[in-house]
Amino acid sequence: MNDAESAARTTGRTRRVGEDVVVALHRPAELLSVAPEAMLERDARLEPGADEIVNELLGRSRVQRRARIVLSLPAEQITHDTAETLHVALRRYCEARLARVQREIDVAWRQGLRSLGTGSILFLVGLLLSTGFLEPDVPTFWQDLLGNGVFLVIGWVGLWYPLDLLFFARQPLKREALIVEAISRMPLVVQPAGSPSARKPDGL
């Protein structure tokens, strides 16, 4: 086992080799879950490998077309169908996560639309009160404090929350959905721990 892979296995983190995402696992099941008792082990993973793959790619500016998922396992944990089994499992994980992310996107959109009505009312009330306190007969102090200050802020806050939900809060979720879709299409390679990460796929 080389030094980089040893560090990855000890810290339970993915590592980047060129365009690939290399994930060191102790056993195939760690791709999707971490056994509670394994947390007591010195070199145990802290989160499933699939979650680390998503987090690694979320941190990249973009996913390269030639990028692969390279799963490193102890040689005794690898059988002739390990790559196929893990590839199918990862696709199912992506389908489930994509469905969850899409639900969160839809919830944020519906919440934004619902709050837009209330926010619009608050905006109009704040604007009207602000305008009222800007009348010439109102003392300058109250014009500055309430007309150009408190009520104007209240009005804009009324619109800020729904607009944030509709146009900004959903952007990270949309990016996550794109990353998960990309992962579901990426080739998956299983190789023995300590072997070099070859450029030509030897798995699926």
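Let me start with E104, which is partly exposed at a relative accessible area of 32%; partly exposed here sits between buried, under 20%, and exposed, over 50%, using a 1.4 Å probe and protein chains only. R100 is partly exposed too, with a relative accessible area of 32%. The side chains of R100 and E104 meet in a salt bridge, 3.1 Å from N to O; that term means a side-chain nitrogen of Lys or Arg within 4 Å of a carboxyl oxygen of Asp or Glu. R100 and E104 are four residues apart in helix α3, so about one helical turn separates them. Salt bridges with shared partners join D51, R97, R100, E104 and E176 into one network.

A quick word on the source, friends. This is a predicted model, where local features need pLDDT of at least 70 and side-chain atom pairs count only at pLDDT 80 or more, while totals for chains, interfaces and linings use all residues. Residues are numbered from 1 along each chain as its sequence is written, and side-chain values use heavy atoms, with hydrogens and water left out.

Now, the overall layout. The protein has five helices and four strands, and along the sequence they run α-β-β-α-β-α-α-α-β. Helices (H or I, at least four residues) and strands (E, at least two) are DSSP runs numbered from the N terminus. Of the 204 residues, 38% are buried. Among contacts with a separation of 6 or more, 71% come from residues 24 or more positions apart, a contact being heavy atoms within 4.5 Å.

E176 forms a salt bridge with R97, and their closest N and O atoms are 2.8 Å apart. E176 belongs to helix α5 (residues 171–185) and R97 to helix α3, so this pair ties together parts that are 79 residues apart in sequence. Both E176 and R97 are buried. In total, the salt bridge count is seven.

Another of these involves R60, so where is R60 found? R60 is in the loop between α2 (49–58) and β3 (69–73). R60 is buried, with a relative accessible area of 4%. The side chains of R60 and E56 meet in a salt bridge of 3.1 Å, N to O, and E56 is buried as well. A polar atom of the R60 side chain also lies 3.0 Å from the backbone oxygen of E19. As for α2, seven of its 10 residues are buried, including I53, V54 and L57.

On to the aromatics. The whole structure holds two aromatic pairs; rings of Phe, Tyr and Trp (its six-membered ring) pair if their centres lie within 6.5 Å, with planes under 30 degrees apart counted as stacked, over 60 as edge-to-face and the rest as tilted. F133 and F151 have ring centres 5.5 Å apart and planes at 25°, so they are stacked. F133 is in the loop between α3 and α4 and F151 in helix α4, so the pair ties together parts 18 residues apart in sequence. F133 is partly exposed at 27%, whereas F151 is buried at 17%.

Last stop, the surface. L122, F141, W142, L145, V150 and I154 form a nonpolar patch with about 510 Å² of accessible area together. Patches take residues with over 30% relative accessible area and no salt bridge, joining like charges within 9 Å and nonpolar side chains (Val, Leu, Ile, Met, Phe, Trp, Tyr) within 5 Å. Helix α4 (residues 140–167) supplies five of the patch residues, while L122 is found in helix α3 (residues 82–132).

Key. Areas by Shrake-Rupley, 256 points an atom, 1.4 Å probe, with all protein chains shown as cover. Polar contact = N/O pair within 3.5 Å; in protein donor to acceptor, adjacent residues only side chain to side chain.
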